[in-house]
Amino acid sequence: MSLKSIMRELKELKDGIGNMSKRGDQSKLWRSRTRSHVAPDEAPLESQLSEQSPWANLPPELLLDIIQRVEESETAWPARAVVVFCAAVCRSWREITKEIVKTPEQCGRLTFPISLKQPGPRESPIQCYIRRDRTSSTFLLFYGLVPSEGESDKLLLAARKVRRATCTDFVISLVADDFSRASNTYVGKLRSNFLGTKFTVYDSQSPCDSRIQSTARPRRRFHSKQVSPRLPACNYIIGTVTYELNVLRTRGPRRMHCILHSIPVSAIQEGGTAPTPSALPQSLDEQLSPLHSSKGKEPIVDIISPSIQATPVFSPGSREPLALKNKAPRWHEQLQCWCLNFKGRVTVASVKNFQLVAAVEPSHNVSPEEQEKVILQFGKIGKDIFTMDYRYPLSAFQAFAISLSCFDTKPACE
């Protein structure tokens with residue numbers, strides 16, 4: 001059987017998954033996932049699919065060869081969706097697919113939803129763009145150089161701006177039509193202070209290599225079985241974005257400073273590595289560590305109220321977090337404006353345009369080449385269209401959250 005016929009069979013198999021569901025809400029959720037974001041980590045109706053599909057009984061050697069061929073041939077979206085279909089066949093297919101598909105840092109491609117929280121490639125950046133909708137206050141992150149004519153670009157993340165009395169929230173989701181924090185598509189949020197000068201990045205998933213706890217009070221206490229698995233346990237602070245005050249009202253670009261608590265500065269040193277999560281949390285029990293129970297009682301977990309801000313606490317021996325600063329632009333005498341070399345990715349002058357590089361000290365032993373490397377760049381290319389290019393050690397989620405801070409009003413910084 002040829003590779004094309006195999007991929008055609010996989011597509012037909014994927015199309016039949018939704019029809020096998022006896023519950024309409026599960027079928028609707030599955031179709032919206034495959035259409036809206038990168039890929040599902042877990043295939044629904046696995047037991048039914050395993051029993052009825054002849055693909056589940058293929059020899060492991062043949063199965064490995066098939067998935068390797070598919071992964072090597074389909075490197076770009078939307079064709080790369082075939083790799084996702086392989087992971088949706090059954091458990092054995094999914095495990096082999098997850099072994100074959102590498103992280104964005106290793107291959108420079110986005111495949112599964114967890115790819116959005118894994119560091120980008122070290123050499124060439126992953127190029128995306130953001131589309132702003134002023135009427136709905138939403139921001140959509142797409143995978144691609146620029147918007148295509150057919151609007152078939154892959155949606156990676158979506159955010160909705162919510163104004164409150166004392167702050168502004170940007171709620172980030174995997175889909176563009178569900179921004180509820182009780183949904184399993186919720187991935188995090190960005191919150192500003194009253195002046196719009198400081199932003200805090202919250203992740204729904206605990207960082208994998210550092211313990212970020214919360215000391216906020218009050219807390220609500222529940223037995224583990226009393227909490228819905230779809231309810232996010234709490235928000236973990238993974239970073240802050242600060243804009244310098246422009247007291248003298250001088251003309252010039254915004255000056256920003258980022259602290260990434262979940263990424264150590266050693267990640268950009270020679271031989272260093274950044275935290276790389278391997279899976280998204282599937283339930284509340286995977287997000288929270290229950291307190292020790294006694295006398296056979298149910299374990300009790302602490303859930304931070306969504307209205308209460310959490311504060312990161314580090315142990316004395318914790319590693320120093322990575323700091324980023326915006327690259328200083330140069331003044332162009334002929335154009336009479338501040339300029340940065342965006343290498344053709346930004347075409348419209350805007351106060352929102354920026355490039356971020358590592359802010360390190362000589363004691364950090366970071367090479368000059370690494371210090372000059374642009375980790376994140378963001379800029380305007382048209383009305384409500386902005387490009388966003390990121391690379392190691394940032395993930396798509398972290399880069400998107402930092403970029404969203406530019407869309408909030410900052411009267412004290414301009």
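**Arginine 345 and the charged pairs**

Tutor: Let's start at cysteine 128: its backbone oxygen sits 3.1 Å from a polar atom of the arginine 345 side chain. Heads up, this is a predicted model, where local features need pLDDT of at least 70, side-chain atom pairs count only at pLDDT 80 or more, and totals for chains, interfaces and linings use all residues. Numbering runs from 1 along each chain as its sequence is written, and side-chain values use heavy atoms, with hydrogens and water left out.

Student: What makes the cysteine 128 and arginine 345 pair a polar contact?

Tutor: A polar contact is a pair of N or O atoms within 3.5 Å; within protein, one must be able to donate a hydrogen and the other to accept it, and residues adjacent in sequence count only if both atoms are side-chain atoms. The cysteine 128 pair is at 3.1 Å, so it passes the distance test. Arginine 345 also has a polar side-chain atom 2.7 Å from the backbone oxygen of leucine 145.

Student: Where does arginine 345 lie, and which residues is it in contact with?

Tutor: Arginine 345 is in the loop between strand E13 (337-339) and strand E14 (354-358). Helices (H or I, at least four residues) and strands (E, at least two) are DSSP runs, numbered from the N terminus. Skipping neighbours within four places in sequence, the contacts of arginine 345 (heavy atoms within 4.5 Å) include Gln127, Val146, Gln377 and Asp389.

Student: Is arginine 345 buried or exposed, and how do you know?

Tutor: Buried means under 20% relative accessible area, exposed over 50%, and partly exposed in between (1.4 Å probe, protein chains only). Arginine 345 comes in at 10%, so buried it is.

Student: Why do arginine 80 and glutamate 71 count as a salt bridge?

Tutor: The rule asks for a side-chain nitrogen of Lys or Arg within 4 Å of a carboxyl oxygen of Asp or Glu. Arginine 80 and glutamate 71 have N to O at 2.9 Å, so they qualify. In general, side chains of opposite charge can pair when their charged atoms come close. Arginine 80 has 0% relative accessible area, hence buried, and glutamate 71, at 8%, is buried too.

Student: How far apart in helix H4 are arginine 69 and aspartate 65?

Tutor: They are four residues apart in helix H4 (residues 60-73), so about one helical turn separates them. Arginine 69, at 48%, is partly exposed, as is aspartate 65 at 33%.

Student: How many salt bridges does a search of the whole structure find?

Tutor: That search turns up 13.

Student: And how much of the protein is buried?

Tutor: Buried residues are 51% of the 414. The protein has ten helices and 16 strands. Among contacts with a separation of 6 or more, 67% join residues 24 or more positions apart.
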